[in-house]
Amino acid sequence: MKSIVLREIKSFFGSPIGYLVIVIFLIINGLFLWVFDGEYNILKSGFADLSPFFTLAPWILIFLIPAVTMKSFSDEKKQGTIELLFTKPLSIWQIVNGKFLGAFLLIVIAIVPTFVYVYVISSLGMPEGNFDIGSTIGSYFGLLFLVGSYTAIGIFTSTLSENQIVAFMLSVFLCFIFYYGFEGIAPYAKGFEDAVAKIGMDYHFKSMSRGIIDTRDVLYFISIAVLFLSLTVFKLKSIKS
């Protein structure tokens with residue numbers, strides 16, 4: 001599996017996509033948080049708080065992660081190299097996990113530079129260092145689990161078509177539905193609003209952003225990732241047979 005992970009990382013940084021994902025993620029966040037006027041501008045909000053970043057990041061990643069994962073298996077199918085993957089002394093689960101970890105690590109690398117924001121926010125506090133560190137740590141953990149779920153969805157959709165654009169659009173659609181879709185339709189589910197909202201990622205991400213790591217939220221994100229990785233394995237087995 002390690003060979004698959006290294007192969008994925010090398011492919012990302014052997015082409016512009018790896019660098020583009022990192023640069024685009026940082027530039028978009030930087031512009032909205034520190035330059036553009038609006039509700040996300042931290043400097044003009046009057047509060048030493050990173051919540052605008054954790055509100056904005058999931059929406060940016062809804063597009064960036066599918067861009068990273070769209071070629072995971074669709075390109076293998078198009079180039080006819082997927083049969084070579086099946087001949088490796090690896091189980092399908094190991095192949096899938098290798099692809100997943102490669103894409104996941106790339107996004108983590110893109111997130112790491114945002115730790116600078118924590119230092120800046122700490123410096124802006126009155127007095128210095130006066131900000132909610134518990135909420136910030138919880139939000140970063142929540143963001144990592146969210147990235148894992150998005151990545152698993154993207155890996156799955158890449159098995160559905162040889163066309164990378166189709167895989168990208170399907171991934172964006174599913175990520176949107178699971179992140180905000182259930183939250184959006186919850187008000188119309190009279191009597192079941194809370195139950196419907198809990199199906200979506202937004203509910204659990206916000207819960208972790210309060211600074212309390214609830215095992216129910218952790219298990220939710222792990223379940224979503226395992227579900228879509230299992231669907232990926234099932235799809236690949238059908239292709240192999």
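Figure 1. Lysine 206 is partly exposed, its relative accessible area being 43%. Aspartate 202, by contrast, is buried at 4% relative accessibility. Buried denotes under 20% relative accessible area, exposed over 50%, and partly exposed the range in between (1.4 Å probe, protein chains only). The two side chains form a salt bridge whose closest N and O atoms are 3.1 Å apart. A salt bridge is taken as a side-chain nitrogen of Lys or Arg within 4 Å of a carboxyl oxygen of Asp or Glu. Because they stand four residues apart in helix α11, aspartate 202 and lysine 206 are separated by about one helical turn. Helices (H or I, at least four residues) and strands (E, at least two) are DSSP runs numbered from the N terminus. The structure is a predicted model, in which local features need pLDDT of at least 70 and side-chain atom pairs count only at pLDDT 80 or more, while totals for chains, interfaces and linings use all residues. Residues are numbered from 1 along each chain as its sequence is written, and side-chain values use heavy atoms, with hydrogens and water left out.

**Figure 2. The largest pocket and its lining.** The largest pocket holds about 320 Å³ of space. Its lining comprises 18 residues, and those nearest the centre are Ser51, Phe54, Thr55, Phe205 and Lys206. Two or more lining residues come from each of α3 (51–69), α8 (133–157), α9 (164–185) and α11 (201–209). Eight of the lining residues are nonpolar, six are polar and four are charged. In this classification, Ala, Val, Leu, Ile, Met, Phe, Trp, Tyr, Cys and Pro count as nonpolar, Asp, Glu, Lys and Arg as charged, and the others, Gly among them, as polar. A pocket is an open set of points on a 1 Å grid over the protein atoms alone, where a 1.4 Å probe fits and protein lies on both sides within 12 Å along at least five of seven lines; lining residues have an atom within 4 Å of a point. Grid points are joined across faces, edges and corners, and the volume is the space filled by probe spheres set on the points.

**Figure 3. The salt bridge between glutamate 76 and arginine 7.** The closest N and O atoms of glutamate 76 and arginine 7 are 2.9 Å apart. This pair links distant parts of the chain, with glutamate 76 in helix α4 (residues 74–79) and arginine 7 in helix α1 (residues 2–13), 69 residues apart. Glutamate 76 is buried at 4% relative accessibility, whereas arginine 7 is partly exposed at 34%. Both residues belong to a network of salt bridges that links Arg7, Glu8, Glu76 and Lys99.

**Figure 4. The salt bridge between aspartate 194 and lysine 198.** These two side chains meet at 3.4 Å, N to O. Aspartate 194 is partly exposed at 43% relative accessibility, and lysine 198 is partly exposed at 37%. The count of salt bridges in the model comes to seven.

**Figure 5. Two views of helix α2.** Val23, Ile27, Leu31, Phe32, Val35 and Phe36 make a nonpolar surface patch of about 490 Å². Valine 35 lies in helix α2 (residues 16–35). Patch residues have over 30% relative accessible area and no salt bridge; like charges are joined within 9 Å, and nonpolar side chains (Val, Leu, Ile, Met, Phe, Trp, Tyr) within 5 Å. Accessible areas come from the Shrake-Rupley method with a 1.4 Å probe, and for residues only the protein chains shown count as cover. Leucine 33 is also found in helix α2, and at 0% relative accessibility leucine 33 is buried.
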